[in-house]
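Me: I would like to learn how to read the features of a model like this one. Please show it first.

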Amino acid sequence: MNPIIIIAVISGLILLLLIAGFTGKPFGIIGQIFIRLAIGALFLFFLNQFGGQFGIHVPINLVTTSVSGLLGIPGVVGLTIIQTWIIG
């Protein structure tokens with residue numbers, strides 16, 4: 001899949017959630033979780049795109065996306081260290 005399409009879809013979904021502004025607390029929490037997961041996946045996508053030149057690849061799945069979405073940049077760095085030195 002073309003990386004530009006992936007970035008456009010994720011950015012569009014984030015923008016849609018920000019504009020829609022879910023009303024009600026349960027929908028707000030679900031929206032925040034979704035936005036964090038989308039941002040985490042975006043972090044990992046950029047890491048894989050730029051880190052590929054250096055042999056760095058972290059798979060994008062629910063666990064790694066959750067870690068990077070919850071912890072942000074330190075989570076991405078931690079996943080990179082785990083993938084590079086511990087796993088292999």
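Me: Is Thr80 buried or exposed?

Reply: Some conventions come before the case. This is a predicted model, in which local features need pLDDT of at least 70, side-chain atom pairs count only at pLDDT 80 or more, and totals for chains, interfaces and linings use all residues. Residues are numbered from 1 along each chain as its sequence is written, and side-chain values use heavy atoms, leaving out hydrogens and water. Buried means under 20% relative accessible area, exposed over 50%, and partly exposed in between, with a 1.4 Å probe and protein chains only. Thr80 has a relative accessible area of 14%, so Thr80 is buried.

Me: Where is Thr80 placed, and with which residues is Thr80 in contact?

Reply: Helices (H or I, at least four residues) and strands (E, at least two) are DSSP runs, numbered from the N terminus. Thr80 is in helix 4, residues 73-87. Contact means heavy atoms within 4.5 Å. Leaving aside neighbours within four places in sequence, Thr80 is in contact with Leu47, Ile56 and Val58.

Me: What does the secondary structure of the protein chain come to?

Reply: The protein chain has four helices and zero strands, in the pattern α-α-α-α along the sequence. Of its 88 residues, 27% are buried. Among contacts between residues at least 6 apart in sequence, 53% join residues at least 24 apart.

Me: Which residues form the largest nonpolar core?

Reply: In soluble globular proteins, nonpolar side chains tend to be buried together. A nonpolar core is a set of buried Ala, Val, Leu, Ile, Met, Phe, Trp, Tyr and Cys residues joined through side-chain atoms within 4.5 Å. Here the largest one has five residues: Leu44, Leu47, Val58, Val76 and Leu79. Helix 2 and helix 4 are the elements that give two or more residues to this core. Not counting residues up to four places away in sequence, Leu44 touches Val58, Pro59, Ile60, Thr64, Thr65, Ser68 and Leu79.

Me: What does Val67 touch?

Reply: Val67 lies in helix 3, residues 62-71. Beyond residues up to four places away in sequence, Val67 touches Gly72, Gly75 and Leu79. The C-alpha atoms of Val67 and Leu79 are separated by 8.1 Å, with the two residues 12 apart along the chain. Val67 counts as partly exposed because its relative accessibility is 29%.

Me: How many aromatic pairs does the structure hold?

Reply: A pair of aromatic rings is described by the distance of the centres and the angle of the planes. Rings of Phe, Tyr and Trp (its six-membered ring) pair if their centres lie within 6.5 Å; planes under 30 degrees apart count as stacked, over 60 as edge-to-face and the rest as tilted. The structure holds two such pairs. One of them is Phe46 with Phe50, which is stacked at 6.1 Å centre to centre and 15° between the planes.

Me: Why are Phe46 and Phe50 separated by about one helical turn?

Reply: Because Phe46 and Phe50 are four residues apart in helix 2 (residues 25-51). Phe46 is partly exposed at 33% relative accessible area, while Phe50 is exposed at 55%.
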